[in-house]
Amino acid sequence: MNSSIADLRKSYERAELNEDASLADPLQQFDQWLQQAISAEVPEPNAMTLATVGSNLRPSTRVVLIKGYDARGIVWFTNYDSRKGRELAGNPYASLQFHWVELERVVRIEGVVEKVSDEESDAYFHSRPLDSRIGAWASPQSQVISGRGVLVANAAKYGAQFMLQPPRPPHWGGYRLKPDQWEFWQGRKSRLHDRLRYRPEGSDWVRERLAP
């Protein structure tokens, strides 16, 4: 083991999370923490790790960007033919994780995933910069390609074909994770971190403290 890595230490002392100060609705608690991360100008506060599991039972992770959230769930957009898209088609259960290092906070969200409506995907796609819309056509995401030149050539081809009005590709759109479990982690001193889990019970959410 590399001793310089093993000896790294950090004391977490920025904030606390307790049952009295947290909100009863996990979505409201998430909104509060996300807005605080945005206000604190932490790097990419909207970045989240998405974990999926394939038919071979091997988990895989990647970073995606949250594009919306409400009582229905957490939304992001991607290529449906990518590895994550193929894995979600076979196993719709997934997990999301936000890590706001500067605030010493982590949010984990688990649930089932479904595609958003075509109308939602169309609306978001057409709000994107032109280069990003062309890029959705140009990249055969997760497929092996011979080099970057393939992407450049594809972008030029679709740019000439669609000009300023590329339609949304049929293989591109949104997903929504409907949470059935939330966990909020706040770093604390002496590794006695705060962990609050929310799980549904009837029409309400139950808050439980987990040992760190």
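**View 1. Surroundings of Phe-30 in a predicted model.** Leaving aside neighbours within four places in sequence, Phe-30 is in contact (heavy atoms within 4.5 Å) with Ile-66, Tyr-69, Ile-74, Phe-98, Trp-100, Val-107, Trp-182 and Phe-184. Because the model is predicted, local features need pLDDT of at least 70 and side-chain atom pairs count only at pLDDT 80 or more, while totals for chains, interfaces and linings use all residues. Residues are numbered from 1 along each chain as its sequence is written, and side-chain values use heavy atoms, with hydrogens and water left out.

**View 2. The largest nonpolar core.** This core has 29 residues, of which Phe-30, Trp-76, Trp-100, Val-107 and Trp-182 touch the most other members. A nonpolar core is a set of buried Ala, Val, Leu, Ile, Met, Phe, Trp, Tyr and Cys residues joined through side-chain atoms within 4.5 Å, where buried means under 20% relative accessible area with a 1.4 Å probe, protein chains only. Helix α2 (a DSSP run of H or I, at least four residues) gives the most to this core, with 5 residues.

**View 3. The rings of Phe-30 and Trp-182.** These two residues, both buried, form a tilted aromatic pair, at 5.7 Å centre to centre and 50 degrees between the planes. Rings of Phe, Tyr and Trp (its six-membered ring) pair if their centres lie within 6.5 Å, and planes under 30 degrees apart count as stacked, over 60 as edge-to-face and the rest as tilted. Phe-30 lies in helix α2 and Trp-182 in strand β7 (a DSSP run of E, at least two residues), 152 residues apart.

Notes
Buried means under 20% relative accessible area, exposed over 50%, partly exposed in between (1.4 Å probe, protein chains only).
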